[in-house]
Amino acid sequence: MRPIWRLKYGLEWLIALLGLIVVLPILFIFAILIKLTSRGPVFFISERLGRNGNVFRLIKFRSMYVDSEMITASDGKVLTLDHDPRVTPIGKIIRLGFDELPQLLNVIRGEMCLIGPRPDVPWERERYSERERKRLNVKPGITGLTQIMGGREMNNAQNYELDVLYVENWSVLMDLKIVLLTLPYSFGMKTIGHYFFPDFYQKIQKPELTQSK
């Protein structure tokens with residue numbers, strides 16, 4: 001791993017630690033609201049792929065009712081639906097981005113970083129092409145290029161290509177742009193990244209990517 005990536009991870013670990021201290025009251029409030037409004041655990045914990053394909057347990061606030069079934073597309077992508085009946089009343093608020101806050105613990109544990117590729121589910125690893133495996137060369141992030149480019153509306157091939165483009169073209173400036181765009185994305189500007197990364201947007205419009213695997 002290049003020294004610059006070690007520096008990135010070290011700096012983001014420190015920011016995550018300080019951030020967790022700051023948002024602890026918010027975490028506590030949401031934990032209470034989740035328990036009061038629906039039965040089940042406060043956190044949703046699932047296995048995800050980390051750096052070098054190592055599997056770790058990702059932590060999120062639970063935003064769905066217990067025993068909700070997972071919905072996937074034909075290419076295996078886990079789908080998030082608009083007006084999803086599986087989402088709890090408080091979950092609609094939490095999904096503005098608050099559900100990701102517990103992942104600061106994943107960053108502190110060294111499993112994730114603040115900005116990076118999406119943390120994918122383990123069973124997708126067998127479907128990766130040689131190029132797509134590059135996304136596992138770095139730690140997954142709480143936010144990243146794929147999110148602010150509107151990855152939820154794209155197929156897996158496009159999402160993976162964005163993750164690889166991030167790994168191949170990473171810079172401090174890119175991370176700063178992603179951080180600044182994450183908040184407006186969370187509040188509804190789902191395609192804001194297209195205007196700030198137009199070259200990447202054009203690259204994922206190739207016919208071989210727009211067609212699901």
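Ser63 touches Arg86, Val87, Thr88, Gly91 and Arg95, leaving aside residues up to four places away in sequence (touching, or contact, means heavy atoms within 4.5 Å). One of these neighbours gets a polar contact too: the side chains of Ser63 and Arg95 meet at 2.9 Å. A polar contact here is a pair of N or O atoms within 3.5 Å; within protein, one must be able to donate a hydrogen and the other to accept it, and residues adjacent in sequence count only if both atoms are side-chain atoms. Ser63 sits in the loop between β2 and α2 (89–94), and with a relative accessible area of 7% Ser63 is buried. Buried means under 20% relative accessible area, exposed over 50%, and partly exposed in between, using a 1.4 Å probe and protein chains only.

A quick word on the source. This is a predicted model, in which local features need pLDDT of at least 70 and side-chain atom pairs count only at pLDDT 80 or more, while totals for chains, interfaces and linings use all residues. Residues are numbered from 1 along each chain as its sequence is written, and side-chain values use heavy atoms, with hydrogens and water left out.

**The hairpin**

Helices (H or I, at least four residues) and strands (E, at least two) are DSSP runs, numbered from the N terminus. Strands β1 (residues 43–49) and β2 run antiparallel and are joined by seven bridges; strands pair if DSSP finds at least two bridges between them. Look at Ser46 and you'll find its bridge partner in β2, Leu58. Five residues separate the two strands of this hairpin, and Asn52 has a positive phi near 65 degrees. As for β2 itself (residues 55–61), five of its seven residues are buried, so the strand is largely enclosed by the rest of the structure.

**The kinked helix**

Helix α1 covers residues 3–37 and has a kink of about 55 degrees at Val23, shortly before the proline Pro25. That bend is the angle between axes fitted to the seven residues ending there and the seven starting there. The buried residues of α1 include Trp5, Lys8, Glu12, Val23 and Phe30. Among the elements covering the buried residues of α1 are β2, α2, β3 (113–115), α5 (156–169) and α6 (172–186).

**Salt bridges**

The whole structure has 13 salt bridges, each a side-chain nitrogen of Lys or Arg within 4 Å of a carboxyl oxygen of Asp or Glu. Here are three of them:

| Pair | Closest N to O distance |
|---|---|
| Lys60 and Asp99 | 3.6 Å |
| Glu100 and Lys60 | 3.8 Å |

Asp175 counts as buried at 8% relative accessibility, and Lys8 does so at 5%.

Lys60 is buried, with a relative accessible area of 19%; Asp99 is buried at 4%, and Glu100 is buried at 18%.

Elsewhere, Arg131, Lys134, Glu161 and Glu168 are linked in a salt-bridge network.
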